[in-house]
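Hi,

Here is the structure I promised to pass on to you. Have a look through it first, and then read my notes below.

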Amino acid sequence: MNSIKKIASFTVNHEKLLPGIYVSRKDGDTVTYDLRTRIPNTDDLMDNATMHSLEHMFATYIRNSEIADDVVYFGPMGCQTGFYLLVNGKENDVILSVVKATLEKIIAHTGDIFGKSAIECGNFRNLSLEKAKTEAKRYLDVLNSKESWDFLYE
């Protein structure tokens with residue numbers, strides 16, 4: 001067991017993490033962004049419906065954005081504190097701008113959540129547009145609270 005290396009995210013001190021946007025790793029041209037929406041190890045974590053709902057909305061909108069061809073993956077962190085966004089070959093300021101625009105689209109969205117049917121989703125009953133909008137607004141407020149982000153874990 002001693003030969004198993006810790007993954008990069010386990011080397012970050014989660015007791016000091018605040019909501020924000022961070023680069024967690026780079027693999028060639030692919031950059032993994034941690035979109036931290038919540039403070040880890042608190043009683044204020046996303047419930048499954050919130051996480052699931054925001055995932056459906058964000059993944060759809062970002063895969064229809066100007067960086068659509070560069071998005072490799074978007075999905076939730078199992079710890080319920082945010083999401084991973086993997087993107088090829090874009091500058092941090094471009095990612096921040098697109099993430100903010102995506103959140104704004106979610107907040108303004110009318111109609112049903114994308115993929116809200118038994119054919120499209122394995123747990124379609126566990127989706128709430130209101131929860132997605134609330135979490136998107138909460139996270140957008142975090143991202144707008146700073147004039148600039150350094151994208152590094154401190």
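Lys137 is partly exposed, with a relative accessible area of 42%; partly exposed sits between buried (under 20%) and exposed (over 50%), using a 1.4 Å probe and protein chains only. Its salt-bridge partner is Asp141, at 2.9 Å from N to O, where a salt bridge means a side-chain nitrogen of Lys or Arg within 4 Å of a carboxyl oxygen of Asp or Glu. Asp141 is partly exposed too, at 39%. Helices (H or I, at least four residues) and strands (E, at least two) are DSSP runs, numbered from the N terminus.

A word on the source: this is a predicted model, where local features need pLDDT of at least 70 and side-chain atom pairs count only at pLDDT 80 or more, while totals for chains, interfaces and linings use all residues. Residues are numbered from 1 along each chain as its sequence is written, and side-chain values use heavy atoms, leaving out hydrogens and water.

There are eight salt bridges in the structure. One of them pairs Arg36 with Asp34 at 3.7 Å, N to O; Arg36 is buried at 2%, and Asp34 is buried at 1%. Another joins Asp70 to Lys90, with the closest N and O atoms 3.2 Å apart. Asp70 is in the loop between α1 and β3 and Lys90 in the loop between β4 and α2, so this pair ties together parts 20 residues apart in sequence.

Enjoy exploring!
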